[in-house]
Amino acid sequence: MKLLVTGGAGFIGSNYIRYALSAHPDYRVINLDRLTYAGNLENLREVESSPGYTFIKGDIRDRDCLRDVEFDAIINFAAESHVDRSILDASPFLQTNIMGTHNLLEIARERACAFLHVSTDEVYGSTETGFFNEASPLQPNSPYAASKASSDMLVRAYVETYKIRAMITRCSNNYGPYQFPEKLVPLVIINALNRRPVPVYGDGMNVRDWIYAEDHCRAIDAVLHKGSAGEVYNIGSRNERPNIEVIRLLLEKVAGHLGLNKDELTGLINFVRDREGHDRRYAIDPSKVEKQLGWRPGTSFEEGISKTVDWYISNRQWWQRIISGEYMKYYDAQYGERLKK
Ligand code: NAD
Ligand code: DAU
């Protein structure tokens, strides 16, 4: 199978590429990524010289960059993904998440190839009680969520109108290795290691449903191989936590690594102004993917958080190169010379 993975230099996409190349050694994986601030080829060092892996620097909005590339299926991870950035400026979100997905849908239609669209539980909006299932209405509240909901609607329309073989996954909050330090989990770990304040939005009681990224990747793979065209699959590991609880656990784990008492870093907690339109609670019902595709999460929250803290401590250079901006030069070092020839 030849897979086109878009956004494969980002957090979940790079975890998926590593997973796919080890789970399916006979697959060819083509990574198409524009390398925005969130794209980091250093995430793929382990696989960059694998015979099954190819990287193309390109934009999902550009039809021409895929003209001579062959593939059997597209997995679309490429997106602007950070809610706070979408509040500051929505336009890149509309451009990539909506127009980019539309372009890929056109390509999937022309080539009659399978299309797996990686979406989010944020499209359902916020709920104080109960769980969202795949039939819940889409009620996005942030510009990011609205752009993802729009792309989901386009996928649905292309399935209905052109009968393309598309599926949508809607996953909850991911954490794990290679997550960009703007997101809550790596931000807390890195700030704690640097003894810097940890910003907690509002009262810290907003609830997110956390999943270890590798579990998400296995679920995507299950949907790719066993899912039915036209279907939506919620992915989550039934693991809701208020933010403050997640933050306290992370601070405790980092303190343990630094040889401190478990509460010694809690003084870093700094309650700050709330995010505009901050969704109170996300909670999804993953029974469909569990029952129909036999997927189950493999990593408990305690275990996943411990592994993640260990990873950020053992890979300081990875995040220090992001903070300094050095990571942006990796593409030129790896590919610049080759491209000049
Ligand atoms: P990320 O921000 O870490 O990575 C996004 C990647 O997309 C980057 O490599 C970036 O360079 C690339 N990209 C952006 N615009 C592009 C364009 N126009 N053309 C080609 N590449 C482009 O994001 P992530 O956290 O890995 O999320 C991946 C996908 O999963 C997104 O679609 C996101 O909506 C979805 N998702 C994320 C989470 C989460 O918790 N992070 C949860 C559910 C769903
Ligand atoms: O639910 C899935 C979504 O999860 C994905 O679709 C998004 O791409 C991904 O970014 C994530 O969105 P969130 O907004 O939930 O993630 P973030 O890490 O930005 O924030 C998690 C929670 O922590 C949220 O309630 C806001 C809060 N927060 C975040 C940051 C960065 C803080 O309290 N302080 C912070 O500094």
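The lining of the second largest pocket divides by class into 8 nonpolar, 1 polar and 6 charged residues. This structure is a predicted model. The points below cover that pocket, the cavities and the packing of helices. Helix α5 packs against α7 and also against α9, while α1 packs against α6.

**Second largest pocket**

- The second largest pocket holds about 240 Å³ of space.
- Its lining is made of 15 residues, and those nearest the centre of the pocket are R156, I168, R170, G230 and V232.
- Two elements, α4 (143–162) and β6 (166–171), each give at least two residues to the lining of this pocket.
- Helix α4 supplies the largest share of that lining, with 6 residues.

**Cavities**

- There are 2 cavities of 30 Å³ or more in the structure.
- The largest cavity contains about 50 Å³ of space.
- Residues lining the largest cavity are V83, I87, E122, N141, S142, R275, E276, G277, H278, D279 and Y282.
- That lining comprises 3 nonpolar, 4 polar and 4 charged residues.
- The second largest cavity contains about 30 Å³ of space.
- Lining the second largest cavity are A9, G10, F11, A38, N40, N43, Y178, Q179, F180, W318 and I322.
- Of the residues lining the second largest cavity, 7 are nonpolar and 4 polar, with no charged residues.

**Helix α5 against α7**

- Helix α5 (residues 184–193) and helix α7 (residues 243–257) have axes that come within 10 Å and cross at roughly 40°.
- The two helices α5 and α7 are therefore oblique to each other.
- Their crossing is right-handed.
- On the α5 side the contact is made by L184, V185, V188, I189, A192 and L193, and on the α7 side by N243, V246, I247, L250, L251 and V254.
- This contact of α5 with α7 has 11 nonpolar residues and 1 polar residue, and no charged ones.

**Helix α5 against α9**

- The axes of α5 and helix α9 (residues 301–314) also come within 10 Å, crossing at roughly 55°.
- At that angle, α5 is oblique to α9.
- The crossing of α5 with α9 is right-handed.
- From α5, the residues in contact are V185, P186, I189, I190 and L193; from α9, they are T308, V309, Y312 and I313.
- The contact of α5 with α9 consists of 8 nonpolar residues and 1 polar residue, with no charged residues.
- V185, I189 and L193 of α5 take part in the contact with α7 and in the contact with α9.

**Helix α1 against α6**

- Helix α1 (residues 11–23) packs on helix α6 (residues 213–226) at an angle of about 65°, and the axes are 9 Å apart.
- The two helices α1 and α6 are therefore roughly perpendicular to each other.
- The crossing of α1 and α6 is right-handed.
- In α1 the residues F11, I12, N15, Y16 and Y19 meet A213, H216, C217, R218, I220, D221 and L224 in α6.
- By class, the contact between α1 and α6 has 8 nonpolar, 2 polar and 2 charged residues.
- F11 of α1 is one of the residues in this contact, and F11 is also among those that line the second largest cavity.

Note on methods:
Residues are numbered from 1 along each chain as its sequence is written. Chains are lettered from A and ligands numbered from 1 in the order in which they are written. This is a predicted model: local features need pLDDT of at least 70, side-chain atom pairs count only at pLDDT 80 or more; totals for chains, interfaces and linings use all residues. Side-chain values use heavy atoms; hydrogens and water are left out. Axes are lines fitted to C-alpha atoms, for helices over the stretch in contact, and angles run from 0 to 180 degrees between N-to-C directions. Helices (H or I, at least four residues) and strands (E, at least two) are DSSP runs, numbered from the N terminus. Angles under 35 degrees count as roughly parallel, over 145 as roughly antiparallel, 65 to 115 as roughly perpendicular and the rest as oblique. A crossing is left-handed if the near helix is turned anticlockwise from the far one by less than a right angle, and right-handed if clockwise. Contact means heavy atoms within 4.5 Å. Ala, Val, Leu, Ile, Met, Phe, Trp, Tyr, Cys and Pro count as nonpolar, Asp, Glu, Lys and Arg as charged, and the others, Gly among them, as polar. On a 1 Å grid over the protein atoms alone, a cavity is a set of points where a 1.4 Å probe fits but cannot get out, and a pocket is an open set with protein on both sides within 12 Å along at least five of seven lines; lining residues have an atom within 4 Å of a point. Grid points are joined across faces, edges and corners, and a volume is the space filled by probe spheres set on the points.
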